[in-house]
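Reader: Hi! I'm new to looking at protein structures. Could you walk me through this one?

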Amino acid sequence: MRICPLCRVAHKADREYAWQFYDERSNDGAVVDQVSEAYGFCAEHIEMLRRIDMESMRSTLAISTMFADAFAGIAAELGRLTPDANFRRERCPACASRDAYLRKNADYLLDLLATSRGDRQSFEASPGLCFPHFELVWELASAPAERELLLEVQRTATGTLLHDLREHVRKHNHKYSHEPPGLEYDAWQRAINLTAGWSPPTQTAAQPEAGFDRPR
């Protein structure tokens, strides 16, 4: 499946954080403090942890123990909060870890595009970056040539998708309903992917990374 290379990196980072949290970090006082200071995880990441515990391990012990430890810190934080103080949470620790990993790999992507002809050709033939990650790489690109390549690939991906979306809409007209479906059949899904990011593929963390999208 061809997806935004940084979406692949993000999914891998999420899966690895979740499993490492249960295997190594849930008993680490410093990590539990981070969870307490964030007043828990965001909805996306707590759902990942819930699924590992309840669906993979068939248990609720690990997630209950984690929350018991975290809520001890949360209760202490609330005990120090006064009515005239501002309430402030730290970022979800899994989100912060993923963003740091993404930034590192965005730099790595730019380096590959500048030094590896094969990786550059793979990127040129790709469906582009989702726009949230396009924004990240665009901000990190320091050379005009880097931005020129990013823009060329993104314009091509957007133009191709626009054509397919219009074809998909056209074939819904009864005048053209006899025409067989073509590449435009999933244009609506690709539009979601390009604007919001690709959803996690199955077994993301276990899939080897190849070409320009392999993480460091």
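Reader: Which residues make the nonpolar surface patch of about 280 Å²?
Author: Leu-78, Leu-81 and Phe-87 make that patch. Keep in mind that this is a predicted model.

Reader: Thanks! And where does Phe-87 lie?
Author: Phe-87 is in the loop that runs between helix H4 (61–80) and H5.

Reader: Let's go inside. How many residues does the largest nonpolar core have?
Author: That core has 29 residues. Those with the most contacts inside it are Cys-4, Leu-6, Phe-123, Leu-129, Val-137, Leu-150 and Trp-198. Helices H1 (5–25), H5 (93–115), H7 (131–140), H8 (144–170) and H9 (187–196) each give two or more residues to this core.

Reader: Which one gives the largest share?
Author: H5 does, with six residues. Apart from this core lies another one of 16 residues, including Tyr-17, Ile-52, Ile-63 and Cys-92.

Reader: New topic: is His-11 buried or exposed?
Author: His-11 counts as buried, because its relative accessibility is 10% and the cut-off for buried is under 20%. His-11 lies in helix H1.

Reader: What lies 2.6 Å from a polar atom of the His-11 side chain?
Author: The backbone oxygen of Trp-198 does. Trp-198 is also one of the residues with the most contacts inside the largest core.

Reader: Last one! What is the phi of Tyr-39 near?
Author: Phi of Tyr-39 is near 55°, a positive value in a residue that is not glycine. You'll find Tyr-39 in the loop between helix H2 (29–37) and helix H3 (43–56).

Key:
Residues numbered from 1 in each chain as written. Predicted model: local features only at pLDDT ≥ 70, side-chain atom pairs only at ≥ 80, totals over all residues. Heavy atoms only, no water. Helix = DSSP H or I, 4+ residues; strand = E, 2+ residues; numbered from the N terminus. Core = buried A, V, L, I, M, F, W, Y, C linked by side-chain atoms within 4.5 Å. Buried < 20%, exposed > 50% of the residue type's maximum accessible area, 1.4 Å probe, protein only. Patch = residues over 30% accessible without salt bridge, like charges linked within 9 Å, V, L, I, M, F, W, Y side chains within 5 Å. Areas by Shrake-Rupley, 256 points an atom, 1.4 Å probe, with all protein chains shown as cover. Salt bridge = Lys/Arg side-chain N within 4 Å of Asp/Glu carboxyl O. Polar contact = N/O pair within 3.5 Å; in protein donor to acceptor, adjacent residues only side chain to side chain.
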